[in-house]
Amino acid sequence: TLGLTDSGLNPPPTHLMVRGDAHRPGTAVEPGFLSALDDRTASVSPPTSAKSTGRRLALARWIARGDHPLTARVIVNRVWQGHFGQGIVATPSDFGSMGDEPTNPALLDWLASEFVARGWSLKSLHRIIVTSDAYRRSSPWKAENADADPTNARLWRFSPRRLEAEPIRDAILAVSGTLNPEMGGPSVMPEIDAAVLAGQSRPGNGWSVSKTSEASRRSVYVLAKRTLGLPELDLLDAADKNEPCPKRAVTTTAPQALTLLNGKFMHEQASHFAERLAREVGDDAIRQVQLAFVLAFNREPGQVQIEDSLAFLQEQARLVRGRSDEKARSRPEAEALRAFCLVILNANEFVTID
């Protein structure tokens, strides 16, 4: 196994190399920190219980100091970005002079101070943010506020945004009733369409499809293979595995709609969703519509939505009866319900945080 280890308590000297030539050592240098923040010589004390120089430990302690000017600000900005879609500093990996200035420096400083004061607890930081007035604001547009702050930098509304790729897949599995909540363990490999695998130099090599119950685990457990990604995730702007991704893009493309409407995974989950509705409320179409809205949108449908949904189900059942597929013709209501569930899973409300 390849690995790194310290060579002992007394490391060899480190030199600046003349013109970057490894064979021309110049002035010897001592351990230090980022001079723009702290130009002092590092105080390094080798641990007594290990054969180590203690340099990495000294660097770690410097980074995690409570009065470090960057560390706490960077992590609270990342967490803020996760909840609001954009950080207080819009360039999360660049807090330097070339990055964007914070829209609210006082807020960033206060969150960083609270984060440190509460023992660097991420759970506590999440609680502060999600219980804040800013996070709990509604999203309606107000012209007078937009005139004063068109980019919503001062957070006068909650800006609606689409869920990221992994939560969308997880939400689909949860609503259909097939999500496996098991935690830990090795990565899983859901089924990938043969057309996608054909693009590999050796189609299918290194991707052994997991059994259905394992493949239905949360997306965080899906194998992250650099040269092959799950289409349902890649199409919805999952991070490129070949380069750092401080902030994901949010695109709207035709392949997204085509995959979410016609893909095998979506049709399978729509079928599971329909079976769940029939299992939990029986054949009553109104109760099926009501439960579908509660599961997918966490709300009851309005009267107009109930009427439109029932009309859709009736029309779909009529169309199914006219198909050449004898199996489908024998169960028109079930096929109509499956089509309705597919529509629900493709609704904008299902994938949007509002």
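The model is predicted: local features need pLDDT of at least 70, side-chain atom pairs count only at pLDDT 80 or more, and totals for chains, interfaces and linings use all residues. Residues are numbered from 1 along each chain as its sequence is written, and side-chain values use heavy atoms, with hydrogens and water left out. Helices (H or I, at least four residues) and strands (E, at least two) are DSSP runs, numbered from the N terminus.

**Aromatic rings**

- The structure holds nine aromatic pairs; rings of Phe, Tyr and Trp (its six-membered ring) pair if their centres lie within 6.5 Å, and planes under 30 degrees apart count as stacked, over 60 as edge-to-face and the rest as tilted.
- One of these pairs joins phenylalanine 84 and phenylalanine 158, whose rings are tilted, at 5.9 Å centre to centre and with 40° between the planes.
- This pair links distant parts of the chain, 74 residues apart: phenylalanine 84 belongs to helix H2 (residues 71-84), and phenylalanine 158 to the loop between helix H5 (143-148) and strand E3 (161-162).
- Phenylalanine 84 has 12% relative accessibility and therefore counts as buried; buried means under 20% relative accessible area, exposed over 50%, and partly exposed in between (1.4 Å probe, protein chains only).
- Phenylalanine 158 is likewise buried, because its relative accessibility is 4%.
- Phenylalanine 312 and phenylalanine 340 form another tilted pair, with 6.4 Å centre to centre and 50° between the planes.
- Here too the pair links distant parts of the chain, with phenylalanine 312 in helix H13 (residues 303-321) and phenylalanine 340 in helix H15 (residues 332-345), 28 residues apart.
- Phenylalanine 312 is partly exposed at 26% relative accessible area, whereas phenylalanine 340 is buried at 4%.
- One aromatic cluster is formed by Trp80, Phe84, Tyr135 and Phe158.
- Arginine 217 lies over the face of tyrosine 221, at 4.1 Å from the ring centre; a charge sits over a ring if NZ of Lys or CZ of Arg is within 6 Å of the ring centre and within 35 degrees of the ring normal.

- Two packed helices are described by the angle between their axes and the distance between the axes.
- The axes of H2 and helix H4 (residues 122-130) come within 11 Å and cross at roughly 50°; axes are lines fitted to C-alpha atoms, for helices over the stretch in contact, and angles run from 0 to 180 degrees between N-to-C directions.
- H2 and H4 are therefore oblique to each other; angles under 35 degrees count as roughly parallel, over 145 as roughly antiparallel, 65 to 115 as roughly perpendicular and the rest as oblique.
- The crossing of H2 and H4 is right-handed; a crossing is left-handed if the near helix is turned anticlockwise from the far one by less than a right angle, and right-handed if clockwise.
- H2 contributes Ile75, Val76, Val79, Trp80, His83 and Phe84 to the contact, and H4 contributes Leu122, Leu125, His126, Ile129 and Val130; contact means heavy atoms within 4.5 Å.
- Helix H12 (residues 285-297) and H13 have axes that come within 10 Å and cross at roughly 115°, and this crossing is right-handed.
- Between H12 and H13, Ala285, Ile286, Val289, Gln290 and Phe293 of H12 meet Gln305, Ile306, Ser309, Leu310 and Leu313 of H13.

**Residues in loops**

- Leucine 155 lies in the loop between H5 and E3, is buried at 16% relative accessible area, and has a positive phi of about 60° although it is not a glycine.
- Asparagine 298 also has a positive phi of about 60° without being a glycine; asparagine 298 lies in the loop between H12 and H13 and is exposed, with a relative accessible area of 70%.
- Histidine 68 is placed in the loop between helix H1 (55-63) and H2 and counts as buried at 8% relative accessibility.
- Not counting residues up to four places away in sequence, histidine 68 touches Leu37, Trp62, Ile63 and Arg73.
- The C-alpha atoms of histidine 68 and glycine 263, 195 residues apart along the chain, are separated by 49 Å.

**Residues in helices**

- Asparagine 145 is found in helix H5 and is partly exposed at 26% relative accessibility.
- A separation of 9.9 Å lies between the C-alpha atoms of asparagine 145 and leucine 155, ten residues apart along the chain.
- Alanine 328, in helix H14 (residues 326-329), is buried with a relative accessible area of 4%.
- Alanine 328 touches Val320, Arg323 and Glu335, not counting residues up to four places away in sequence.
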